[in-house]
Amino acid sequence: MAVREVITPQDPILRKKAHKVNNFKDPKLQQLVDDMVETMGEAEGVGLAAPQVAVSQRVIVVRLPDDEESREVYGDDAGVLFVVINPDIIRVSDDMVDGVEACLSIPGYYGTVSRHDAVTVRGYDRHGKQMRIKAKGWLARVFQHEIDHLDGVLFIDHASEIWRAVPKDEVDTYQDPLAGMVRPVEGEAGGS
Ligand SMILES: [Zn+2]
């Protein structure tokens, strides 16, 4: 396993529609999944999509933290690793909820995004076996965020508000992942 580099919107791969996986026997797919799990863990993220490591394939990994506090909030969803290939959202709740999102590909940025409170995801596990996941709350949000990545969509595209908060210990080395790109300016998001 290896930690892979997470790309930012400066790399056009992040904006491409990713290809479906056809060959589950390909050792490269298994390597990709292992590396994505390791990369997500290293970055302390809760989800990662293959385009974020510059691979234009429909693969996502999701894992909510499983410390004591997370177990209280997420219940049985805490700490469960989901690897989903060719995921599709086949059912959504009418209920929408606002939540604050971030993205490993857009470090330092946060946004308020409205998502379905519950979704049903259909896809395949890493060996090609069909699977179906019913997700609610934060887990449902993470699935929607990651599946968006497979279509080149980022949370900043449908955030009602976007702001930047660079961690103090990164101020000196921080490189704006959206530098030179059209985006809402701080303080103006949601304005008239
Ligand atoms: Zn993301």
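Start by selecting residues 109-116, which form strand β5; five bridges join β5 to β8, and the two strands run antiparallel. Keep in mind that this is a predicted model.

Which order do its strands have? The order is β4-β5-β8, in an open sheet of three strands with antiparallel pairing. Select 96-101 for β4 and 159-164 for β8: these are the edge strands, and each of them pairs on one side only. Turn the view to look along the sheet. On average, neighbouring strands here are turned by 20° against each other, with direction ignored.

Select Glu-44, in the loop between α1 (27-42) and β1 (47-49). Glu-44 is not a glycine, yet its phi is positive, at about 55°. Is Glu-44 buried or exposed? Glu-44 counts as exposed because it has 8 C-beta neighbours inside 10 Å, and the cut-off for exposed is 12 or fewer.

The last stop is Ala-54, found in the loop between β1 and β2 (59-62). Ala-54 is another residue other than glycine with a positive phi, near 65°. With 13 other C-beta atoms within 10 Å, Ala-54 is partly exposed.

Conventions. Residues are numbered from 1 along each chain as its sequence is written. This is a predicted model: local features need pLDDT of at least 70, side-chain atom pairs count only at pLDDT 80 or more; totals for chains, interfaces and linings use all residues. Two strands pair if DSSP finds at least two bridges between them. Helices (H or I, at least four residues) and strands (E, at least two) are DSSP runs, numbered from the N terminus. Axes are lines fitted to C-alpha atoms, for helices over the stretch in contact, and angles run from 0 to 180 degrees between N-to-C directions. A residue is buried if 20 or more other C-beta atoms lie within 10 Å of its own, exposed if 12 or fewer, and partly exposed in between; C-beta atoms are placed from the backbone.
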